[in-house]
Amino acid sequence: MDLPSKEKTFDFQHTGETTGKEYTGRFTVLCVLNVGQKHALSLEKTRLLGNYQNPTDDLAGLAIILANLRAKVVEAPEWWKQSQGGALIEDEDALVVLYRKIQEAEFEWKEELKKKTQKQDTNTP
């Protein structure tokens, strides 16, 4: 069975709530990570959390979002490339919306996989 492509491309457009800046462009993201990529994502999240035993919800949320964006974005517009993986962006809401778009892409990938699996099951005698 051929798996769906592990990458998805989508157009992104968002106006930042803090600055009013327009964030637009095309992103290509990984919908599935291999073990090494998952490990790197976990290490990045841990690095972002620092040595806090009980991080605040805000700190934990930002660490999860930034680590995921950094691990999953393959191709991005120039504003993203210059943002040091989102660290220099003043509009936190833009990061949240981008993270949700990646989650949607992952969901679509899983749905495509289900369809391919179901087709294979109905074709098997």
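Let's start at Thr24, which is partly exposed, with a relative accessible area of 38%. That value counts as partly exposed because buried means under 20% and exposed means over 50%. Keep in mind that this is a predicted model. Thr24 sits in strand β2. Look past its neighbours within four places in sequence, and you'll find Thr24 in contact with Phe12, Gln13, Pro77 and Trp79. Ala40, on the other hand, is 16 residues away from Thr24 along the chain, and the C-alpha atoms of the two are separated by 27 Å.

Two of the names on that contact list, Phe12 and Trp79, take us to the aromatic residues. A pair of aromatic rings is described by the distance of the centres and the angle of the planes. The model has seven aromatic pairs, counting ring centres that lie within 6.5 Å. Take Phe12 with Trp79: the ring centres are 6.2 Å apart and the planes meet at 35 degrees, so this pair is tilted. Why tilted? Because planes under 30 degrees apart would count as stacked and those over 60 as edge-to-face, with the rest called tilted. Phe12 is buried, at a relative accessible area of 3%. Trp79 is buried too, with a value of 18%, which falls on the buried side because the cut-off is under 20%.

Trp79 also pairs with Phe27. Here the ring centres are 5.7 Å apart and the planes stand at 70 degrees, so the pair is edge-to-face. Phe27 belongs to strand β2 (residues 22–30) while Trp79 belongs to helix α3, so this pairing ties together parts of the chain 52 residues apart in sequence. Both Phe27 and Trp79 are buried. Now widen the view: Phe12, Phe27 and Trp79 are members of one aromatic cluster, along with Phe10, Tyr23 and Trp80.

Trp80 gives us a way to the last stop, Ser83, whose side chain reaches the backbone oxygen of Trp80 at 2.7 Å. You'll find Ser83 in the loop between α3 and α4 (92–123). Is Ser83 buried or exposed? Its relative accessibility is 2%, so Ser83 counts as buried. Not counting residues up to four places away in sequence, Ser83 touches Leu88 and Ile89.

Key
Residues are numbered from 1 along each chain as its sequence is written. This is a predicted model: local features need pLDDT of at least 70, side-chain atom pairs count only at pLDDT 80 or more; totals for chains, interfaces and linings use all residues. Side-chain values use heavy atoms; hydrogens and water are left out. Rings of Phe, Tyr and Trp (its six-membered ring) pair if their centres lie within 6.5 Å; planes under 30 degrees apart count as stacked, over 60 as edge-to-face and the rest as tilted. Buried means under 20% relative accessible area, exposed over 50%, partly exposed in between (1.4 Å probe, protein chains only). Helices (H or I, at least four residues) and strands (E, at least two) are DSSP runs, numbered from the N terminus. Contact means heavy atoms within 4.5 Å. A polar contact is a pair of N or O atoms within 3.5 Å; within protein, one must be able to donate a hydrogen and the other to accept it, and residues adjacent in sequence count only if both atoms are side-chain atoms.
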